[in-house]
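This report looks at helix packing and aromatic side chains in one protein. Please have the sequence and the 3D view at hand while reading.

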Amino acid sequence: MKKVIISLAASLAVMLTCSAGVSVAIDRDLPLQQQLDNFADSLMRPGTFVMQGYMNPDCGNILKFAVTGLFKNETHSVTTDSAGRFSATIPMVGPIQEIYLYRNNVITLPVYPGDTINLDIEKNSVRMSGATPEATRDLEFATLIYDRFRQRINNFARQRMNIPQESLMKSYPDSLTQPLIDEAVAISREWRALQDSVENAGGPLRSSWYYKYSCYVEPQTYLLMENFYKHVNTEAPFLTRPFPGYAPYSFIHPEFMVYPPVKELFNRVISKTVWEAGKTITMVSFLNKDENLSVREARLRRLIARDEFLADWLDLNEFGHIVKYMDWDRADGYRNYIMETVKEPAFKPYIDSIAAELDKARPGTPAPPISLIGTDGRKYTLDDFKGKIVYLDFWMVGCGPCYSEFRSLPELKEAYKDYLDKIEFVTVICNDPSKEVWLDLISKHKLDHELNTMLDVEGSNSLYNINSFPTYILIDAEGRLVKYGAPRPSVILSLKKYGSPDNDLDKALGI
């Protein structure tokens, strides 16, 4: 099995050094730095695409979807007219992004600037077409892989989550991880065989390179992590030769970071490598205890990265990740570091633009407007909860950790039974299932005693465009933010059990 893993990683290395396909145009006759500058400009370049079509009124009158950005997904909703028709011009950035179309589950589609995507949505089906035959083949293939692989990949992710960390970190497969490796290899092989058969029959897909890494990021990442982790020598003396042997992403050509699945795949590999390497330099870290944790990790990434451009890109990714989770302590210090360190001119303005996201959610600031729609169709805003602490639980259909936290809610409410008149527990579903699916999940997870709502994207500040589930936001009785990314119910229970002073809910209640 180890030979199979190494072979897969080696084939990926070869693929990543080939031409990037139609979505990236790089003039190889220009000096290298100018090539990189032009590529960086293309990564940041704004564009638009059109989403239009028909949705059966039985499916509702709001179509919800998200578009990946460089570092943060942006949620959109489009309202149909009385006949079920809709059309909207949607902003995007860069040469290619992904659309996550929420129809009880998530269909993932590639999109390019200038694309038009036509949808015909019925209760149990979605038909798609593009403006050209090539674009239509893309969308048809997206539907095919959704049908063939989506449930299997979701099951793989759940299986991986149930394996203890000590087994995942071993340098050899054990009885728990071997089936995971076997399934990852099988998914990868079957995916490649399916794409090969489609392209052999009809020619290369417009998004051929995108699809090579799409829809099975989870198992492919697992294989790469296993292989790279075993080849990185983190035992070597840090100050002299930190990473001899196999560099975990030395073969990545920067232009392949244009593909969202590739970016996601290698971000995970990079994070694990940096984390593991960091364990071996604990003594070095102690030499500067006050240094920002993200800055220490950035220094490690620059030791591993193949060139300055990739190091700049990785630093920018990390900053986007920090801002995504509104970690002010890390972000403020890290921003100062990367403003000095990042050299690529096209990246500089973006540092300021994503830093501005932080100011929306600093503790103590007034919570931005949010619009929620209850199961009975009633609309709610924060004014409806004035005088109460609001604990917002953002979740989505198919999110295992979300369902797991629902089981902790009764125990959480019992722990705070003396304060229930001061707290409003509100669940907020962020994708757009049918009413029947939504009500069934409420009943199945015993949420009948909570205020269950759906996010009205058009009436809400972009702060609530949540893209990591579950996410909790805690708002005090005066409508001020206590914590974006508040602890989960299970974590609050643990903090309370051990009398931790870092319990945000206790702080908000004045306990």
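At roughly what angle do the axes of helix α12 and helix α13 cross? The model is a predicted one. In it, the axes of α12 (residues 328–341) and α13 (residues 348–355) cross at roughly 170° and come within 10 Å. Angles over 145 degrees count as roughly antiparallel, and α12 and α13 are therefore roughly antiparallel to each other. On the α12 side, the contact is made by Arg335, Ile338 and Met339; on the α13 side, by Lys348, Ile351, Asp352 and Ala355. Sorted by class, this contact has four nonpolar and three charged residues, and no polar ones.

**Helix α17**

Which residues of α17 are buried? In this helix, which spans residues 489–497, they are Pro489, Ile492, Leu493 and Leu495. They lie on the same side of α17, because the arc they cover around the axis is only 165°. As a general point, an α-helix has 3.6 residues a turn, so residues three or four places apart point the same way.

After α17 comes Gly499, which has a positive phi, near 65°.

**Aromatic pairs**

How many aromatic pairs does the structure hold? There are 14. Two of them are set out here.

| Pair | Centre to centre | Angle between planes | Type |
|---|---|---|---|
| Phe141 and Trp191 | 5.3 Å | 50° | tilted |
| Trp395 and Tyr403 | 6.3 Å | 65° | edge-to-face |

The planes of Phe141 and Trp191 are at 50°, so the pair is tilted. Phe141 lies in helix α3 (residues 133–161) and Trp191 in helix α5 (residues 177–202), so this pair ties together parts that are 50 residues apart in sequence.

Are Phe141 and Trp191 buried or exposed? Residues under 20% relative accessible area count as buried. Phe141 has a relative accessible area of 3%, so Phe141 is buried. Trp191 is buried as well, because its relative accessibility is 1%. In the edge-to-face pair, both Trp395 and Tyr403 are buried.

Phe141 and Trp191 also belong to one aromatic cluster, together with Phe149, Tyr210 and Tyr211.

How values were computed:
Residues numbered from 1 in each chain as written. Predicted model: local features only at pLDDT ≥ 70, side-chain atom pairs only at ≥ 80, totals over all residues. Heavy atoms only, no water. Buried < 20%, exposed > 50% of the residue type's maximum accessible area, 1.4 Å probe, protein only. Helix = DSSP H or I, 4+ residues; strand = E, 2+ residues; numbered from the N terminus. Arc of directions from axis to C-beta. Axes fitted to C-alpha atoms, helices over the stretch in contact; angles between N-to-C directions. Parallel < 35°, antiparallel > 145°, perpendicular 65-115°, else oblique. Contact = heavy atoms within 4.5 Å. Nonpolar A, V, L, I, M, F, W, Y, C, P; charged D, E, K, R; others polar. Phe/Tyr/Trp six-rings, centres within 6.5 Å; stacked < 30°, edge-to-face > 60°.
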